[in-house]
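This briefing covers selected local features of the structure shown below. The points are grouped by topic.

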Amino acid sequence: MEVKAQEKKKTGMYENVMNQFNHAADLMNLDKGIRKILSSTNSEIVVHFPVKMDDGSIETFTGYRVQHNNALGPYKGGLRYHPTVDIDAARALAIWMTWKTALAGLPFGGAKGGIEIDPKKYSMNELERISRRFTFALGDNIGPDLDIPAPDVNTNAQIMAWISDTFASQKSPSNRFNNLHVVTGKPMGSGGLEGRDRATGFGVVATIKSWAKVRGVDLKGMKYIVQGYGNVGYWTAHFLNQLGAIMVAAQDASATLYNEKGIDVEALYQHSLGYKNQIEGFDGAEVIDSEKFFGLDCDIIVPAALGNQITKDNAHDIKAKLIAEGANGPTDTDAEAILLERGVDVIPDILCNSGGVIGSYYEWLQNKRSEIWKLDQVLDMIHDKVSIAFDKVVETSKEYDTHWRNGAYLVALKRLEQTYKERGVFP
Amino acid sequence: MQTDFSTVIFCEEHVVKNELKEFHSLQTKYIAEGKFYFGLCSTCDFVNDCNLKSQDSIILNCEHYQ
């Protein structure tokens, strides 16, 4: 009974994604037929496949791939290995990807999937066989011009290399190299993109630069705080530092650190690498109560860890001028209303952390063209795409007299609506 | 029209509402008395002493999941 009571009050990503979609669809008076199309997924693939374990026994696994929409191009989205992977989670995340790729102006649709598995329980050799057999089971439901998976929770570049190799190995010899880009997020030696590791953090900073331009402020000397010092948090801090901004606090699962004179971004990262990726124990800042984090005196907050962190309980304490959502869904609806009322700008997640999927697009494009691009080229291209998307969101928000989150959804939905209106619905 | 004695597997009146629903079927893990975590938190190494976790939401994305 207790579990049921808890389930009732829980809010999930799907609920948020659909609420935001419906709200934006109402605002723009989205065509009813197109609304129906976008409210359901195109395909939902469930595969059960056997794999031989190291001890000779056989286990069966369940894998999923939900393909939400491909009006703008091939489906795109991650594959995660986790016990909570199921069709519902995959749906929510797939829909989210459709909006994200549409907003970023990419020729991609949205998908998500994975295997219901706790990878900690399996050896590296078993994980390789599981990944390869899953790829085989998905068959031609994925492909470089159909559906392009990427790393997600518990999957990495190595797993992408196995998937790419397995998929390409099933093609005729002359077609193998045309199929290696069935996935993105590959290792550098297998067609990976230079700078893919920093693409999301770089994109976050590109949106912050656009914000500074719109508001007519200088980022030099501005104080910022970062929640989450993983890949997104660290690279955001790294690039903000290059612009002369000062990180005064950082928070992760292990600790909340504060130094009003500034925390050494690189030293903190080096410390975390040697400490199970945690910031706890760093001696260049004092440990403070985690509850005080969002109320700290600063100009910019970058929540880059997880969802539902800024709520009605702490939104009133925020002193910053800007929230740049590096994570997905860090600000809930109630909190956003409070922040907007108080004049705090929020760069919505769908725009703010889009540098990652834009990086994936360039990896795919690089492979398609059989080219190898340099880091500076890649970062310049990501910067352009993010800046264009930001300007479009600001322009659309003005046109509809609404906030930037709605503006972002409106840009995405307008792109999809235009495509459907031009092409019509077959037959 | 419903019959009490057999499982109905064909029905001309059958209707499925054309909308997606989120069922909170995400697996849970019992952590401590009265506490259940959903989504990624349910298998995260940091769940017992995490600074960031939220009791009121299902976490599907987290940069600190380990």
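This is a predicted model: local features need pLDDT of at least 70, side-chain atom pairs count only at pLDDT 80 or more; totals for chains, interfaces and linings use all residues.

A:Glu194 is partly exposed, its relative accessible area being 36%.

Surroundings of A:Glu194
- The loop that holds A:Glu194 runs between α6 (157-169) and α7 (199-215) of chain A.
- Apart from neighbours within four places in sequence, A:Glu194 is in contact with A:Met188, A:Trp373, A:Lys374, A:Leu375 and A:Val378.
- One of these partners, A:Leu375, is 181 residues away from A:Glu194 in sequence, yet their C-alpha atoms are 5.3 Å apart in space.

The annotated lysine
- UniProt, in an unreviewed entry, lists A:Lys112 under "active site"; such annotations may be inferred rather than shown by experiment.
- A:Lys112 belongs to strand β4 of chain A, which covers residues 110-115.
- With a relative accessible area of 8%, A:Lys112 is buried, because buried means under 20%.
- Residues up to four places away in sequence aside, A:Lys112 touches A:Tyr64, A:Arg65, A:Val66, A:Gly77, A:Gly78, A:Ala90, A:Leu93, A:Ala94 and A:Asp152.

The sheet of chain A
- An open sheet of five strands has the order β1-β2-β4-β3-β5 in chain A, and its pairing is mixed.
- The edges are taken by β1 (43-52) and β5 (147-151) of chain A; each has a single partner strand, so one side of each is left without a neighbour in the sheet.
- From one strand to the next, the twist averages 20°.
- Strand β2 (residues 58-69) of chain A runs antiparallel to β4(A), and six bridges join them.
- Opposite A:Asn69 stands A:Gly110 in β4(A).

Backbone geometry
- The peptide bond joining A:Phe426 and A:Pro427 is cis, with omega about 5°.
- A:Pro427 is located in the segment after α14 (404-423) of chain A.
- A:Asn154 has a phi near 65°, which is a positive value in a residue other than glycine.
- A:Asn154 sits in the loop between β5 and α6 of chain A, where this residue is partly exposed at a relative accessible area of 31%.
- A:Ser370, also a residue other than glycine, has a positive phi, near 55°.
- The loop between α12 (355-368) and α13 (375-400) of chain A contains A:Ser370.
- A:Ser370 is exposed, with a relative accessible area of 68%, because exposed means over 50%.

A serine in helix α13
- Helix α13 of chain A includes A:Ser387, which is buried at a relative accessible area of 14%.
- A polar atom of the A:Ser387 side chain lies 2.7 Å from the backbone oxygen of A:His383.
- A:Ser387 and A:Thr236 are separated by 151 residues in sequence and by 16 Å in space, C-alpha to C-alpha.

Confidence in chain B
- The average pLDDT of chain B is 71, and 59% of the residues score at least 70.
- Over residues 20-25 of chain B, pLDDT stays under 50.
- For residues 20-25 of chain B, the model has 20 contacts beyond four places in sequence.

Technical notes: Residues are numbered from 1 along each chain as its sequence is written. Chains are lettered from A and ligands numbered from 1 in the order in which they are written. Side-chain values use heavy atoms; hydrogens and water are left out. Helices (H or I, at least four residues) and strands (E, at least two) are DSSP runs, numbered from the N terminus. Buried means under 20% relative accessible area, exposed over 50%, partly exposed in between (1.4 Å probe, protein chains only). Contact means heavy atoms within 4.5 Å. Two strands pair if DSSP finds at least two bridges between them. Axes are lines fitted to C-alpha atoms, for helices over the stretch in contact, and angles run from 0 to 180 degrees between N-to-C directions. pLDDT is the predictor's confidence in each residue, from 0 to 100. A polar contact is a pair of N or O atoms within 3.5 Å; within protein, one must be able to donate a hydrogen and the other to accept it, and residues adjacent in sequence count only if both atoms are side-chain atoms.
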